[in-house]
Amino acid sequence: MRSRVKKGLLISALLLAGLGAAGCGREGEGLSAAGQGETSAAGRLITVGFSQLGSESDWRIANSESFVNTFTRENGYDLLLENAQQKQENQLKAIRKFVLQDVDYIVVAPIVESGWDSALQEAKNAGIPVILADRMVDADESLYTCYVGGNFVKEGEEAGRWLENYLKEQGRSEETINIVTLQGTPGASAAIGRTEGFANILEEHDNWNMLDMRNGEFTQAKGEEEMEDLLAAYEDIDVVVCQNDNMAFGAVDAIHAAGKTCGPKGDIVIISFDAVKAAFDYMIEGTIHVDFECNPLHGPRVAEIIQELEAGKTVDKIQYVDETYFDYTMDLEKLKEGRTY
Ligand code: GYE
């Protein structure tokens, strides 16, 4: 099994461990020169409690690093980062801890959509704005200030449209097309939205069969395991929709181990989401067809929102990030060069 995520995980573990040890100083230390940091009106560091959901993928590592690199003391912030290790319970504890610590802002990347009401209500009662970054919650919108992240339904729909065009170009529009999906964490807005979006296009095609959908937990190992099972269960799979890159990497390994081929240089069509740098290598070698971008660099976006709130402005409630896609027909070497994650 190729595990390109490991190096990133290691860096991230070191980074997060170091950050934990750096502790919770608040009173303005670390601001080197006037004008360099963006402090609150009172001139002190702005304290931001960030509840990150875990470290399951390349995307997530890049997302955590974006926060760590943005919310520095030099930039005027004191970042309290709690990694929930894929457990909502830990995220709820983190939010409550941030409320007790009386942070200035709480940022949450919610692992699943439901179950947030009382923790968010506590933050609201304490007068602490909550910014949802990356994933959405299923809660009253008065309980959070805003959401910044991907439009997952749109990503899923675009993936469906891409498949429709691809099959047309291949002269396969009338063929029976057997599809399987490796889904992300059950209940996560990224998984729900991508599933719904793709289903919207699938509905328009009587000849597309969704044979099965499996939970690959957004990880490479689980993606590989579920793909192995799917290959054993179904003889004729035409398309695999992988709801993130790490599951796609696992699926490619499982397909090869089963003696089958995939990507534009093989048989099975592989559709993925995220478009992390490692995925460009798969597209270049010809084992993944297409990747729908989901940008993880939310640190600067959240900082901008915080600065607007500090200035007393109101911010847009839903802030979707502009996203594109990359496929095997493009100049992938060139597109890969500009990517930092
Ligand atoms: O696709 C996946 C990560 O919520 C958009 O979570 C995010 C998803 C992303 O683990 O790689």
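Guide: Let us start at the ligand, where one of its oxygen atoms lies 2.9 Å from an N or O atom in the side chain of Asn 244, and a polar contact here means a pair of N or O atoms within 3.5 Å. The protein covers 100% of the 300 Å² of accessible area that the ligand has on its own, with areas taken from the Shrake-Rupley method and a 1.4 Å probe.

Visitor: Where do these numbers come from?

Guide: This is a predicted model, in which local features need pLDDT of at least 70 and side-chain atom pairs count only at pLDDT 80 or more, while totals for chains, interfaces and linings use all residues. Residues are numbered from 1 along each chain as its sequence is written, and side-chain values use heavy atoms, leaving out hydrogens and water.

Visitor: Which residues come nearest to the ligand?

Guide: Of the 13 residues around the ligand, those that come nearest are Glu 56, Asp 134, Arg 135, Arg 194 and Asp 274, where being near means having a heavy atom within 4 Å. As for polar atoms, a side-chain one of Ser 57 lies 2.9 Å from an oxygen atom of the ligand, and an N or O atom in the side chain of Arg 60 is also 2.9 Å from a ligand oxygen.

Visitor: New topic: is strand β8 buried or exposed?

Guide: Strand β8 (residues 239–242) is covered on both faces, with Val 239 and Val 241 buried on one side and Val 240 and Cys 242 buried on the other; buried means under 20% relative accessible area. Strands are DSSP runs of E with at least two residues, and helices are runs of H or I with at least four.

Visitor: And what sits beside it?

Guide: Strand β6 (residues 177–183) runs parallel to β8 and is joined to it by four bridges, with Thr 181 standing opposite Val 241. Strand β9 (residues 269–274) is also parallel to β8, through three bridges, and there Val 269 is the bridge partner of Val 239.

Visitor: What is the strand order in the sheet?

Guide: The open sheet has six strands with mixed pairing, in the order β7-β6-β8-β9-β10-β12, and two strands pair if DSSP finds at least two bridges between them. The edge strands, β7 (208–215) and β12 (325–327), each pair on one side only.

Notes:
Buried means under 20% relative accessible area, exposed over 50%, partly exposed in between (1.4 Å probe, protein chains only). A polar contact is a pair of N or O atoms within 3.5 Å; within protein, one must be able to donate a hydrogen and the other to accept it, and residues adjacent in sequence count only if both atoms are side-chain atoms.
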